Amino acid sequence: IGPSEKPAPFKVYNLGNKEPQNVTYLVNLLEEFLGKKAIKKYIPMPPTGDVLKTSADVSLAEEDLGYSPSISLREGVRRFIAWYKDYFPNGLPDDMATYQPL
C-alpha cells in the first residue's frame with residue numbers, strides 16, 4: 001500500500017509538554033502521587049539504543065489550534081491521579097483490570 005492521493009479527513013495532534021523528560025522521572029511522579037513503590041526491572045540498553053529523553057512536538061497543534069502547553073508533567077500527573085482515584089474509587093472493575101487486547 002502506498003501513500004494516499006486523497007487528503008486525510010482528520011488530523012492527529014500531539015498534545016504534550018515541550019520539556020524533555022525521562023522515564024525515571026515519570027515513574028517517580030507516579031510513585032509519589034499513588035503512594036506506592038513501582039516494581040522496577042532494569043534491563044541493559046539494547047544495541048540499537050533507546051530514547052533516553054523525549055518531548056512532544058506540538059508545532060501542528062500550536063499552528064492549527066493555538067495550543068500552548070501550560071501545565072508541567074508533575075502537575076498533569078498529579079491531576080490525572082486525582083481524577084482517576086475519584087472516577088474509580090474502588091479501583092478498576094474486574095472486566096477492565098483483566099482485559100487482554102487481541
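Helix α1 is followed by G35, whose phi is positive, near 70 degrees. The model is predicted, with local features requiring pLDDT of at least 70 and side-chain atom pairs pLDDT 80 or more, while totals for chains, interfaces and linings use all residues. Residues are numbered from 1 along each chain as its sequence is written, and side-chain values use heavy atoms, leaving out hydrogens and water.

Helices here are DSSP runs of H or I with at least four residues, numbered from the N terminus. Helix α1 comprises 12 residues and reaches 16 Å from its first C-alpha to its last, close to the 16 Å expected at 1.5 Å a residue; the expected span is 1.5 Å times one less than the number of residues.

The buried residues of α1 are L29, E31 and F33, where buried denotes under 20% relative accessible area, exposed over 50% and partly exposed in between (1.4 Å probe, protein chains only). These buried residues pack against α3 (73-87), contact being heavy atoms within 4.5 Å. Helix α3 contains F80. The C-alpha atoms of F80 and F33 are separated by 9.6 Å, although the two residues are 47 residues apart along the chain. F80 counts as partly exposed because its relative accessibility is 45%.

L26 is also found in helix α1, which covers residues 23-34. Because its relative accessibility is 33%, L26 counts as partly exposed.

Terms used:
Helices (H or I, at least four residues) and strands (E, at least two) are DSSP runs, numbered from the N terminus.
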